[in-house]
Amino acid sequence: KKQLTAALAAVDANLKTSAGKQYDELIGKELPEKYFSSIKQCKQSLPPGAGINPFDMFLKLNNDGKVQEVLIYPETQFAGCTRNVLLVGKFSKPPHDDYWINVHMEFKH
């Protein structure tokens with residue numbers, strides 16, 4: 001819980017900068033392009049009738065955009081599978097090292 005609070009504070013601070021806002025927009029395009037098919041496989045691997053509730057992921061990226069850590073809330077089977085997909089992920093270079101981003105996941109259907 002303490003880690004989530006710290007991650008959320010870091011995300012808020014990042015989004016207050018113009019570089020952070022631009023990077024957030026970039027990630028909004030990059031994440032679905034790179035990882036949608038893998039995340040869709042997570043959805044398909046669930047038992048029949050399993051619901052997919054919205055959840056938040058906090059990703060800590062290093063200087064090169066490589067994912068260092070993924071925190072999810074709330075923890076579900078689908079969220080756990082999605083975390084495993086993104087733990088080996090890489091994005092565009094963030095504005096600085098140890099850069100936290102927040103991804104809200106919600107499936108409409």
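**Close-up 1. Strands β1 and β3 side by side.** Two strands count as paired when DSSP finds at least two bridges between them. In this predicted model, strand β1, residues 55–61, runs antiparallel to β3, and seven bridges connect the two. Take leucine 59 as a landmark: its bridge partner in β3 is isoleucine 101. Strand β3 itself spans residues 99–105 and is mostly covered, with five of its seven residues buried.

**Close-up 2. The buried residues of helix α3.** Here we turn to helix α3, which covers residues 77–87. Its buried residues are Phe78, Ala79, Gly80, Thr82, Val85 and Leu86. What lies over them? The cover includes helix α2 (18–44) together with strands β1, β2 (67–73) and β3.

Close-up 3. The model has one disulfide, and it joins cysteine 42 to cysteine 81 with an S to S distance of 2.0 Å. This pair links distant parts of the chain: cysteine 42 sits in helix α2 and cysteine 81 in helix α3, 39 residues apart. Is the disulfide left-handed or right-handed? The torsion about the S-S bond is about -80°, so the disulfide is left-handed.

Close-up 4. Cysteine 42 has a relative accessible area of 2%, so cysteine 42 is buried. Cysteine 81, with a relative accessible area of 25%, is partly exposed.

Notes:
Residues numbered from 1 in each chain as written. Predicted model: local features only at pLDDT ≥ 70, side-chain atom pairs only at ≥ 80, totals over all residues. Heavy atoms only, no water. Buried < 20%, exposed > 50% of the residue type's maximum accessible area, 1.4 Å probe, protein only. Helix = DSSP H or I, 4+ residues; strand = E, 2+ residues; numbered from the N terminus. Contact = heavy atoms within 4.5 Å. Disulfide = S-S within 2.5 Å.
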